[in-house]
Amino acid sequence: MALQGTVIRTIFQTAASSGAAFDTLCRMSGISPEEISDSENMVEWEKAALIWVPLLKLSGDPLIGLHVGMNVEKLLHGMVGFLIQSSENIDQSLQLLCRYGHMVSPMVEYKYTVRDVAILEMTQNKMWLMKHPEPARHANDFLFAATINTFHALTGRRIVPLRIELAYEMREISEYRKFFGCEVLFNKGANRIIVSKENVSTVLLSSDQSMFQLFNSIVAGKQSLLATNSTAENLKQL
């Protein structure tokens, strides 16, 4: 279980633009700049989970995850990011996120369903939630806000959810409502972004069928390789 290093770099760089020094965040997290300079590098899960501790300490911001996510223009990294950007619309991009999201972060599981509405559900690893509930909350807030900004960057339109559901207790709800522009419910059974079917049919500005086929082939091959490697790694850890 780990997190793609460049995701951490994006978080630190965004926080640095708000006054937290990048080098200080690396030092306090025990993460070198080299570890997070390549999308192929994965940072061990607990080290990655705890990056929110120095961020919270330096900022004193109880909503640091939400605020960092609000300032991330687009959260797409590596080959999976290229694949998602070249897909046809939001609907297809979310299907790909569910299929390949574990390659970016095995710490989060994505589930996407479309019936009367479209629902993206994000479930964090149980060990993470039990051992480090506060950092897990900030990470989830970050993911939600950065996902909405990514929708905007890919479509050129502000995608306003129908509803946001969060599995933790309410904290300064006005900040959530102001950013997401919709009803935000706390203490729910899962963390979900709920949007209309019309919104997920929105075409991506970067859609490119030939590039999609290329990256889909590359990512599928990498997934097969990772599945083989993970079996050996699981045995090693055991």
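Modeller: Helices (H or I, at least four residues) and strands (E, at least two) are DSSP runs, numbered from the N terminus. This is a predicted model, in which local features need pLDDT of at least 70, side-chain atom pairs count only at pLDDT 80 or more, and totals for chains, interfaces and linings use all residues. Residues are numbered from 1 along each chain as its sequence is written, and side-chain values use heavy atoms, with hydrogens and water left out.

Biologist: OK, where is Ala 139 found?
Modeller: Ala 139 belongs to helix α9, which covers residues 133–155.

Biologist: Is Ala 139 buried or exposed?
Modeller: Ala 139 is buried, with a relative accessible area of 6%, where buried means under 20%, exposed over 50% and partly exposed in between (1.4 Å probe, protein chains only).

Biologist: And what does Ala 139 touch?
Modeller: Leaving aside residues up to four places away in sequence, Ala 139 touches Trp 52, Gln 124 and Trp 128, a contact being heavy atoms within 4.5 Å.

Biologist: Switching topic, how many cavities of 30 Å³ or more are there?
Modeller: The count comes to two cavities of 30 Å³ or more. On a 1 Å grid over the protein atoms alone, a cavity is a set of points where a 1.4 Å probe fits but cannot get out, while a pocket is an open set with protein on both sides within 12 Å along at least five of seven lines, and lining residues have an atom within 4 Å of a point. Grid points are joined across faces, edges and corners, and a volume is the space filled by probe spheres set on the points.

Biologist: What about the largest cavity?
Modeller: The largest cavity holds about 490 Å³ of space, and among its 31 lining residues Leu 75, Leu 97, Val 104, Tyr 110 and Leu 143 lie nearest its centre. Helix α9 provides the largest share of that lining, seven residues.

Biologist: Which classes of residue make up the lining of the largest cavity?
Modeller: That lining has 24 nonpolar, seven polar and no charged residues, with Ala, Val, Leu, Ile, Met, Phe, Trp, Tyr, Cys and Pro counted as nonpolar, Asp, Glu, Lys and Arg as charged, and the others, Gly among them, as polar.

Biologist: And the second largest pocket, what is its volume?
Modeller: The second largest pocket has a volume of about 240 Å³. Of its 14 lining residues, those closest to its centre are Gln 124, Leu 129, Ala 167, Tyr 168 and Asn 191. Helix α9 gives the most to this lining too, with four residues.
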